Amino acid sequence: MNIAVGARSGVVDDLFVGNFLGKDSDIVFDYRQKATRTFQYLQGDYYIAPLFLDKVACHIVKNYIAHLLDIKIPLILGIWGGKGQGKTFQTELIFRAMGIEPVIMSAGELESEKAGEPGRLIRDRYRTASQVIQNQGKMSCLMINDLDAGVGRFGNTQMTVNNQIVAGTLMNLVDNPTRVSIGQTWRESDVTHRVPIIVTGNDFSTLYAPLIRDGRMEKYYWQPDSEDIINIVHRMYAKDGLSFEEVSGIVDTFPNQALDFYGALRSRTYDQAILKWVDDIGGHEQLSNKLLKQKKGDMLPTFIPPKTTIGALIESGNSLVKEQELIMNSKLSKEYMKNLED
């Protein structure tokens, strides 16, 4: 029973549809049906690393013109590397630049209490991306973030049926990218458009080896060099008016840090300004009333962002580095579990 279609005007008697909320009884129908991702929230002139752009663009183009090329083309591009290096963000910037509407999955969707559900979901999302290409005339792809977190083997983690099914489903998509079933009766005319797949992760050695073999998955190790890091961070701080040389000095002050460290620097500089704003609205005791129980017409005090300076950024950076070292040196879990190590 298709309740989504059954709730639409022309299908249900007008007596039940009504006119006061529009013709459709489900006013969020259009939003719920949109499975693709657009990137209007990515406002600003961000830096895209040229080598990263070349690899992703080449993979997508090769799969779109696969029928013209007399070579075997891997359907999956696996982008892997250290944590917090901007793999997902760089990919989203490329999607925005190329006008691609991807269907995006996360590692959390690769497990379920029902056996076979994640495999079916992958096939369903793949077909959704194919329909975007065929019906809307837009470029699309399937992206799975943190694949190794969802189906990788770490130490003594248990292998589940769904882990096996996800690996098998991805291998089957690679081997048969135009014939994808989600349980329907096969029809000869039911041909799916070839959809490139991009996956990200930190350690692909934890994945099922036949899945990542050459010919099925093209691997790309992303480790931004110092020039990439400085350019990305410089664009990140563009609104703060920091010069290229000042940003370069910050990166040199905190070497060997992931890209998300420099984003956390900027966020940390806002802490004092936010605490001052809390005092302006009446202190911590008034937060609930002021933020969630405002009367109509009441206005919150204007938040004035702090001026970002080199000194404030370095002070924040030293604080973050100290916290990193404390976590690595303390290892309190060993203290909690010391009786189990005997």
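Visitor: Which residue stands opposite Val-199 in E4?

Guide: Ile-144 does. Helices (H or I, at least four residues) and strands (E, at least two) are DSSP runs, numbered from the N terminus. This is a predicted model, where local features need pLDDT of at least 70 and side-chain atom pairs count only at pLDDT 80 or more, while totals for chains, interfaces and linings use all residues. Residues are numbered from 1 along each chain as its sequence is written, and side-chain values use heavy atoms, with hydrogens and water left out.

Visitor: How do E3 and E4 pair?

Guide: Strand E3 (residues 142–144) runs parallel to strand E4 (residues 197–201), with three bridges between them. Two strands count as paired if DSSP finds at least two bridges.

Visitor: OK, and what's the strand order in the sheet?

Guide: E2-E3-E4-E1-E5, in an open sheet of five strands with parallel pairing. E2 (103–105) and E5 (217–221) are the edge strands, and each has a single partner, so one side of each has no neighbour in the sheet. From one strand to the next, the twist averages 20 degrees.

Visitor: Which strands does H6 touch?

Guide: Helix H6 (residues 117–136) packs on the sheet against E2, E3 and E4. Its direction makes about 160 degrees with that of E2. Axes are lines fitted to C-alpha atoms, for helices over the stretch in contact, and angles run from 0 to 180 degrees between N-to-C directions. Contact means heavy atoms within 4.5 Å.

Visitor: New topic: how many residues are in the largest nonpolar core?

Guide: It has 61, and Leu-142, Leu-170, Tyr-237 and Tyr-262 make the most contacts inside it. Helix H8 (residues 161–175) gives the largest share, five residues. Such a core is a set of buried Ala, Val, Leu, Ile, Met, Phe, Trp, Tyr and Cys residues joined through side-chain atoms within 4.5 Å. Buried means under 20% relative accessible area, exposed over 50%, partly exposed in between (1.4 Å probe, protein chains only).

Visitor: What does Leu-142 touch?

Guide: Leaving out residues up to four places away in sequence, its contacts include Val-103, Met-105, Ile-122, Tyr-126 and Ile-198.

Visitor: Back to H8. Which of its residues are buried?

Guide: Among them are Asn-162, Val-166, Leu-170 and Val-174. The buried residues of H8 pack against strand E1 (76–80), H6, E3, helix H7 (147–151) and E4.

Visitor: And overall, how many helices are there?

Guide: The protein has 15 helices, along with five strands. Of its 342 residues, 38% count as buried.
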